[in-house]
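Colleague: I'd like to learn how to read sheets and a chain contact in a model like this one. Could you take me through it?

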Amino acid sequence: MVETTRIELLVNGERLTADVEPRWSLADVLRHQLGLLGTHVGCEQGVCGACTVLLNGEPARSCLIFAVAVADGVAITTIEGMNRAEGMTPLQTALREHHGLQCGFCTPGMVLTAHALLTREPEADEGRIREALSGNLCRCTGYQFIVDAVAAARPAYRKEEP
Amino acid sequence: MKPAAFEYFRASNAVQAVGLLQQYREAKILAGGQSLVPLMNFRLSRPSALVDISGITELARIVPTAHGLRLGALVRHQDLVDNPMVRETIPVLAEAAAHIGHWAVRNRGTVGGSLAHADPAAELPAVMVALGADIVVMDAEGERKIPARAFFVGFYTTTLGSDALIVAIEMPRPREPVGFYEVVRRHGDFALAGALVEAGESTGAVTWFGVTPAPVRMAWTALAEDEGLRRQQWERLTRDLDFAGDEAFRRPLAVTVAERAYQRARGGH
Ligand SMILES: Cc1cc2nc3c(=O)[nH]c(=O)nc-3n(C[C@H](O)[C@H](O)[C@H](O)COP(=O)(O)OP(=O)(O)OC[C@H]3O[C@@H](n4cnc5c(N)ncnc54)[C@H](O)[C@@H]3O)c2cc1C
Ligand code: FES
Ligand code: FES
């Protein structure tokens, strides 16, 4: 019987508890303990970006973080936290309009990374968008439509950020 | 795959971290986890215990000194890119850090972790060798400084003992313009080859990474004005490099990255 530790995580604004083994990744705890299946797991070595979540607003690989090591009070945002009461965010709407997804495996990581970028830099040009998304692999779209969608979502961030 | 089981300890200061390394001989330090955790996920590394230092806030500071900057071991790569003091005092450090992996990796990975891991293609070890930084290390005996030029031994190998902790890096402000250049297959990948060139009036040095088992720094004098002749001079310097069996591929790359880093130091593009 392996010992587990009770931890508290602040996920999408909610305080959640889980009993974890130290070796469990944040990605696996989000998926298997907390039932948040929008965080996808591809490579488990930091390369593909499918598991990207935001820690205090900054993109991080949840496959390379042990859940037990997440410091108290760190705000975790997963794709489930990107839903508005009234439906999709402008960024998500832009992805749909620009055909920025096909199978959707990469999409949660793409949305969170692009959201973090536009929150910091609502004026990000195409070069910056490509640079920021370069750590997120997509096997379907060929990227151009994703870049177009993120560029199209910029006005929404200009309005939101005074 | 998933990592093997380990005991987890969170250190609240450097002395406690060193104490835990003493007590648990198979333990490893966990900093940003961007090199260690991939290895653990594939069970290429199976430490029986981890000492997590990521909560030690004193180790996350960037402080100006009389000669340059002191970087705490836990300073993140992205901090090096964004920090105005770094960009002002040691611009080439910010530039090199921007070439490390992707944004999400730079948000977690730390300078101490990069130096301890000592990947031959990593940017920061080469920056430290080029600029003559000192690595401040703590073990049971106390604190001491190891010059970066005596720290990197070979592939993933340093002179740091397994019971020692990197606490800080002391970096002098460069006296001469320093140019940086690297060749990658895809943006964000590890470099196939890279170089930093310090360019004084008639003397300087080149530090290569990615082509040899550890960064190598060599002095040069009287470089030619003509690029063709200069390339021959770089080529002569590369004759002393240990290309670890991949000479045909690496030598021409080494010449090219040195030349381009030199041009950048001289203000070109
Ligand atoms: C997809 C991807 C791409 C990457 N691309 C690059 C790249 O292009 N260039 C590059 O340089 N790196 C790259 N990296 C690696 C990254 O820079 C790591 O951050 C770095 O190598 C290790 O730092 P860390 O803080 O994550 O260390 P960890 O992974 O936590 O630790 C690495 C090793 O160092 C030891 N250690 C850590 N901190 C200390 C300390 N203070 N004292 C003593 N020992 C310590 C650990 O015990 C472990 O053995 C990449 C990583 C990923 C996942
Ligand atoms: S699963 Fe985490 S980066 Fe691929
Ligand atoms: S939509 Fe299929 S991987 Fe990106």
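Colleague: Let's take the sheet in chain B. In what order do its four strands lie, and what is the pairing?

Modeller: The general idea comes before the case: strands of a sheet pair through backbone hydrogen bonds, either parallel or antiparallel. In this predicted model, the four strands of chain B form an open sheet in the order 11-12-13-14, with antiparallel pairing.

Colleague: Which strands stand at the edges of that sheet?

Modeller: Strand 11 (178–183) and strand 14 (216–221) of chain B do; each has a single partner strand, so one side of each is left without a neighbour in the sheet. As for the twist, it averages 20° from one strand to the next.

Colleague: And how many bridges hold strand 12 and strand 13 of chain B together?

Modeller: Six bridges, in the antiparallel sense, between residues 193–199 for strand 12 and residues 203–209 for strand 13 of chain B.

Colleague: Okay, over to chain A. What is the strand order there, and how is the pairing described?

Modeller: Here five strands form an open sheet in the order 2-1-5-3-4, and the pairing is mixed. Strand 2 (14–20) and strand 4 (58–61) of chain A are at the edges with a single partner strand each, so each has one side without a neighbour in the sheet.

Colleague: How many bridges join strand 1 to strand 2 of chain A, and what happens at the turn of the hairpin?

Modeller: Seven bridges join strand 1 and strand 2 of chain A, which run antiparallel. V11(A) sits opposite E14(A) of strand 2. The hairpin has two residues between the strands, and N12(A) takes a positive phi near 50° there.

Colleague: What about strand 3 and strand 4 of chain A: how many bridges?

Modeller: Four bridges, again with the strands antiparallel; strand 3 of chain A covers residues 52–55. The bridge partner of V53(A) in strand 4 is A60(A).

Colleague: Which strands does helix 1 of chain A lie across?

Modeller: Helix 1 (residues 26–33) of chain A lies across strand 1 (5–11), strand 2, strand 3 and strand 5 (75–77) of that chain, at about 100° to strand 2. Helix 3 (residues 107–120) of chain A also packs on the sheet, where it touches strand 3, strand 4 and strand 5; its direction makes about 35° with that of strand 3 of chain A.

Colleague: Now the contact between the chains. How do I put a number on it?

Modeller: The size of an interface is often given as the accessible area lost when the parts come together. In this case chain B and chain A bury about 2,500 Å² between them, with 56% of it on carbon and sulfur atoms. Chain B gives 31 residues to the contact and chain A gives 28 residues.

Colleague: How many salt bridges and polar contacts run between chain B and chain A?

Modeller: There are four salt bridges between the two chains, and eleven residue pairs are in polar contact. On the side of chain B that touches chain A, 15 residues are nonpolar, eight polar and eight charged.

Notes. Residues numbered from 1 in each chain as written. Chains lettered and ligands numbered in written order. Predicted model: local features only at pLDDT ≥ 70, side-chain atom pairs only at ≥ 80, totals over all residues. Heavy atoms only, no water. Pairing = 2+ DSSP bridges. Contact = heavy atoms within 4.5 Å. Axes fitted to C-alpha atoms, helices over the stretch in contact; angles between N-to-C directions. Buried area = accessible area lost by both parts, 1.4 Å probe. Salt bridge = Lys/Arg side-chain N within 4 Å of Asp/Glu carboxyl O. Polar contact = N/O pair within 3.5 Å; in protein donor to acceptor, adjacent residues only side chain to side chain. Nonpolar A, V, L, I, M, F, W, Y, C, P; charged D, E, K, R; others polar.
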